[in-house]
Amino acid sequence: MPLFRRKKASENDNNPTTSNPTPDEKEEEEDKNNTKKVNAKKAKKAKSKNKWSCVDSCCWFVGCVCTVWWFLLFLYNAMPASFPQYVTEAITGPLPDPPGVKLLKEGLRAKHPVVFVPGIVTGGLELWEGHQCAEGLFRKRLWGGTFGEVYKRPLCWVEHMSLDNETGLDPPGIRVRPVSGLVAADYFAPGYFVWAVLIANLARIGYEEKSMYMAAYDWRISFQNTEVRDQTLSRIKSNIELMVATNGGNKAVIIPHSMGVLYFLHFMKWVEAPAPMGGGGGPDWCARHIKAVMNIGGPFLGVPKAVSGLFSAEARDIAVARSIAPSVLDNDLFGDFGLQTLQHVMKMTRTWDSTMSMIPKGGDTIWGGLDWSPEEGYVPSKRKQRNQGPPVSGQNETETMACEAKAVSYGRIISFGKDVAEAHSSEIKRIDFRGAIKGNNVANNTCRDVWTEYHDMGVGGIKAVAEYKAYTAGDILDLLHFVAPKLMARVSAHFSYGIADDLADPKYKHYKYWSNPLETKLPNAPDMEIFSMYGVGIPTERSYVYRLTPSSDCYIPFQIDTSANGGDEDSCLKGGVFTVEGDETVPVLSAGYMCAKGWRGKTRFNPSGIRTFIREYDHAPPANLLEGRGTQSGAHVDIMGNFALIEDVIKVAAGATGEDLGGDQVYTDIFKWSEKINLPL
């Protein structure tokens with residue numbers, strides 16, 4: 001074997017001309033090599049680019065969304081103002097004129113000054129003094145607007161939106177005050193109108209800010225305390241007097257919404273009462289200054305929804321969300337903040353005394369007992385025909401159908417278990433909770449420290465509440481005294497929920513009775529008119545099926561049982577909630593009874609015979625997205641954009657009476673239900 005192997009000759013070796021390359025040839029060879037390297041790198045990069053990762057997909061998607069968003073935003077700002085209407089009309093046909101435009105063409109002009117009284121939560125609140133965590137928020141909205149601070153500093157926001165748990169007023173070092181002017185409640189959040197549509201339509205017939213006034217107030221505190229702290233009632237009195245004096249002596253038209261209805265009911269008694277408790281306006285102040293009170297969605301007799309909110313910090317929508325994603329509401333919504341959402345909501349809202357103004361009034365006489373209720377046997381979805389104008393005997397008889405084969409006892413506002421909700425009262429064994437012994441609930445020590453009054457009840461107290469089985473309106477106050485003693489200790493001095501036996505009793509001169517229409521008289525103003533205007537055709541919360549939750553669920557031991565449903569799609573029971581006719585928040589019984597019967601004609605609650613009218617607006621949802629929230633909506637807040645309602649308001653503001661509007665406009669059985677209530681008038 002040879003020690004050396006012969007090397008194979010290369011092409012260069014066989015080519016004598018390249019055995020000794022020249023400098024130019026060397027340079028050319030280097031260029032070729034460099035070109036090969038560059039091409040190889042390019043090929044490698046191209047190959048790597050072909051590998052599409054998840055990050056690339058996400059970035060591409062976000063980029064496309066942002067590009068489309070900015071492009072659409074540019075088109076929206078660049079298009080003519082009439083273009084959206086042109087597109088809408090091209091799809092849906094010609095749109096009707098807004099009420100203001102329509103009535104202007106008919107010759108209506110501004111006449112009576114108008115006062116708006118917003119309801120609970122719809123008015124803006126701003127910060128005037130706060131703790132260190134609220135640095136930079138001076139005169140910024142804590143409520144209303146964008147709610148940006150809820151997400152940036154949630155615990156700080158809760159702290160500043162809460163009131164003192166002993167006094168019901170400002171905590172030390174914190175001052176949150178209502179926003180003033182029409183902007184206080186024209187929009188609740190950007191794009192979500194409250195009073196804005198009504199204001200715009202009034203402006204079309206000549207109204208200006210000097211003839212419109214937003215009676216903004218801090219809706220968290222009790223009605224009398226708005227005067228004690230902010231002198232709000234005095235400001236309303238002065239502004240109404242000024243507007244009447246500067247508008248040729250024309251009386252004012254008052255338009256309260258939701259809880260604002262109760263607030264203005266309180267005002268009418270306050271303004272006539274002598275100082276220092278009242279405004280000292282005299283017994284004829286309302287007669288001299290008010291033409292009409294047009295109440296929109298008024299919870300005159302309270303709402304069951306207020307009970308569930310105070311009892312377990314939930315209503316139907318929250319209960320459904322809780323059942324779908326329990327970790328969101330029961331545990332951490334804000335990540336590292338460790339915020340127990342519903343617990344903090346309960347802690348905050350139980351410092352708001354105003355919420356107690358909407359607890360059902362009148363007890364079992366109004367709302368029914370264990371085995372009866374005025375609305376028994378009614379299914380909201382089964383209304384068959386409309387009833388326009390004043391009620392006629394027998395006219396409503398075909399409007400309703402029975403709720404399945406069983407009668408629903410709506411009078412049981414809270415029932416522990418579906419079987420309890422449906423059983424006859426003789427089959428229910430109840431153990432009275434009122435004498436139960438309370439104690440610290442040591443079972444909940446594993447939860448984050450969010451104090452609620454359920455801490456102090458103990459396991460025995462919690463079980464005692466569940467073992468009472470069923471609660472009617474007559475039991476609700478005792479229940480709240482048991483589960484929320486601090487709240488009830490405060491509000492007992494500000495609100496009352498009974499029925500007066502003798503309105504001449506001197507005790508009814510106290511302000512705690514002024515917002516309860518069953519314990520006070522209307523003003524001596526026979527020329528004044530009162531309207532009850534509300535939406536119908538939407539299932540509205542009336543009573544609840546509850547369940548006792550395990551101790552590990554942290555601090556709120558009661559939940560709406562969303563698994564409780566009726567037998568079919570026509571059932572009144574869905575997701576643990578029994579529904580009746582209403583506007584999604586206020587049942588018809590609460591909104592309509594006083595004008596249908598309690599104040600109708602001369603009664604002990606209406607000794608001067610102020611004329612009352614019911615104006616119901618049948619709900620019709622928007623036909624498409626281009627209609628926004630709809631112009632025929634009957635929902636509790638969306639009704640503020642209802643063209644028919646706005647037209648009624650403008651006509652009265654321009655001088656019309658209730659008779660000019662056509663009197664009553666009724667779609668429901670409110671008159672029939674009212675007759676079932678055995679209340680001496």
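**Contacts across the chain: rings, sulfurs and charges**

Let me begin with the aromatic side chains, of which this structure holds 28 pairs; please keep in mind throughout that we are looking at a predicted model. Trp143 belongs to strand 3, residues 141–143, while Trp352 sits in the loop between helix 16 (341–349) and helix 17 (363–367), so the contact ties together parts that are 209 residues apart in sequence. Both partners are covered by protein: Trp143 is buried at a relative accessible area of 11%, and Trp352 is buried at 5%.

The pair also belongs to a cluster, and if you look around these two tryptophans you will find that Trp143, Trp157, Phe188, Tyr192, Trp219 and Trp352 form one aromatic cluster. Tyr192 has a further contact, because the criterion for a charge over a ring includes a distance within 6 Å of the ring centre, and the charged end of Arg629 sits over the ring of Tyr192 at 3.7 Å from its centre.

From there I would like to turn to the cysteines. How many disulfides does a search of the whole structure find? The search finds 1 disulfide, and this link is formed by Cys133 and Cys156, whose sulfur atoms are 2.1 Å apart. The link of Cys133 and Cys156 is right-handed, with 80 degrees about the S-S bond. Cys133 lies in the loop between strand 2 (125–129) and strand 3, and Cys156 lies in helix 7, residues 154–161, so that parts 23 residues apart in sequence are tied together. Cys133 counts as partly exposed, at 31% relative accessibility, whereas Cys156 counts as buried, at 8%.

Now to the charged side chains, for which a search of the whole structure finds 25 salt bridges. One of them joins Lys486 to Glu166, with the closest N and O atoms 3.0 Å apart. This pair links distant parts of the chain, since Lys486 is in helix 21 (residues 485–491) and Glu166 is in the loop between helix 7 and strand 4 (175–178), 320 residues apart. Lys486 counts as partly exposed at 32% relative accessibility, and Glu166 is exposed, with a relative accessible area of 55%.

A salt bridge with other surroundings is that of Asp230 with Arg177, where the closest N and O atoms are 3.5 Å apart. Asp230 is in helix 9 (residues 223–230) and Arg177 is in strand 4, 53 residues apart. Here Asp230 is buried at a relative accessible area of 11%, and Arg177 is buried as well, at 17%.

Arg430 deserves a moment, as two contacts come together at this residue. Its charged end sits over the ring of Tyr468, 4.3 Å from the centre of that ring, and Arg430 also forms a salt bridge with Asp475, the closest N and O atoms being 3.8 Å apart. Asp475 lies in helix 20 (residues 473–483) and Arg430 in the loop between helix 18 (418–422) and helix 19 (458–467), so this bridge ties together parts that are 45 residues apart in sequence. Asp475 counts as buried at 10% relative accessibility, while Arg430 counts as partly exposed at 32%. Elsewhere, salt bridges that share partners join Asp170, Arg177, Asp218, Arg220, Arg229 and Asp230 into one network.

Conventions
Residues numbered from 1 in each chain as written. Predicted model: local features only at pLDDT ≥ 70, side-chain atom pairs only at ≥ 80, totals over all residues. Heavy atoms only, no water. Phe/Tyr/Trp six-rings, centres within 6.5 Å; stacked < 30°, edge-to-face > 60°. Helix = DSSP H or I, 4+ residues; strand = E, 2+ residues; numbered from the N terminus. Buried < 20%, exposed > 50% of the residue type's maximum accessible area, 1.4 Å probe, protein only. Lys NZ or Arg CZ within 6 Å of the ring centre and 35° of its normal. Disulfide = S-S within 2.5 Å. Salt bridge = Lys/Arg side-chain N within 4 Å of Asp/Glu carboxyl O.
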